[in-house]
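Q: I am new to reading protein structures and would like a close look at one part. Could you walk me through the sheet, step by step?

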Amino acid sequence: EQQATWGTTMVMDVKTGDLLAMVNLGETAPKSGVYYEKENYALSRRIEPGSTFKLMSLLALTEDCGLPITQEYQTHHGNKVEVGYKGPKVEDDHDIGGMVDMKTATAQSSNVYFAESIYENYKSNKARYHKFLTEELHLGQMLGFEAMEEVKPKIHDPKDWSAATLPNMGYGYGFDIPPIRTLVLYN
């Protein structure tokens with residue numbers, strides 16, 4: 001239905017972290033609609049996590065920056081807005097209001113809220129955000145599945161970031177992680 005070139009599904013026991021099942025399907029030929037298990041995409045592919053990463057930004061804001069979930073930022077009613085100096089133009093696909101708190105922004109999956117809040121709280125110390133992701137959330141480390149072709153997350157050094165990188169990272173873009181990392185972070 002989605003005409004995807006590949007997909008992965010994993011089931012993890014939330015109490016133990018044991019991986020109970022994993023299925024990886026890839027298309028046999030472009031636009032064929034025929035799939036088979038040909039590669040372990042959950043471990044071997046890096047992708048931008050997108051909106052699934054907003055929870056990790058929430059963790060950075062609350063745990064690392066000490067912000068309360070009642071912290072409000074302007075979301076501009078879903079309209080496109082430039083975040084930072086010469087930063088990206090970010091928008092939401094729906095109007096969630098103007099000033100909203102972190103709880104509402106998470107429930108409504110606001111790109112603008114997380115781009116603005118991550119930018120505002122880490123613009124003067126981008127290395128701190130990088131350190132939180134790579135050391136506190138362990139995205140700089142492998143999980144131990146190297147024998148199954150696990151790839152390491154790719155989060156560039158802050159010295160190499162453009163004006164768009166920090167705000168984009170706030171809502172899951174500008175870096176690549178294997179799908180299993182998203183599952184492990186949620187667990």
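In what order do the three strands form the open sheet, and is the pairing parallel or antiparallel?

A: Happy to take you through it! Please keep in mind that this is a predicted model. The open sheet has three strands in the order β1-β2-β3, and their pairing is antiparallel.

Let's begin at the edges. β1 covers residues 6-12 and β3 covers residues 35-36. Each of these two strands has a single partner strand, so one side of each is left without a neighbour in the sheet.

Now look at how β1 meets β2, which spans residues 19-27. The two strands run antiparallel and are joined by seven bridges. To find your place along this pair, look for W6, which stands opposite G26 in β2.

Next, see what lies over these strands. Helix α7, made of residues 179-186, lies across β1 and β2. The helix runs at about 30° to β1.

V23 is a residue of strand β2, and together with L25 and Y35 V23 makes a nonpolar surface patch of about 230 Å². Is V23 buried or exposed, or something in between? The relative accessible area of V23 is 41%, so this residue counts as partly exposed; that class lies between buried, under 20%, and exposed, over 50%.

Terms used: Residues numbered from 1 in each chain as written. Predicted model: local features only at pLDDT ≥ 70, side-chain atom pairs only at ≥ 80, totals over all residues. Heavy atoms only, no water. Pairing = 2+ DSSP bridges. Helix = DSSP H or I, 4+ residues; strand = E, 2+ residues; numbered from the N terminus. Contact = heavy atoms within 4.5 Å. Axes fitted to C-alpha atoms, helices over the stretch in contact; angles between N-to-C directions. Patch = residues over 30% accessible without salt bridge, like charges linked within 9 Å, V, L, I, M, F, W, Y side chains within 5 Å. Areas by Shrake-Rupley, 256 points an atom, 1.4 Å probe, with all protein chains shown as cover. Salt bridge = Lys/Arg side-chain N within 4 Å of Asp/Glu carboxyl O. Buried < 20%, exposed > 50% of the residue type's maximum accessible area, 1.4 Å probe, protein only.
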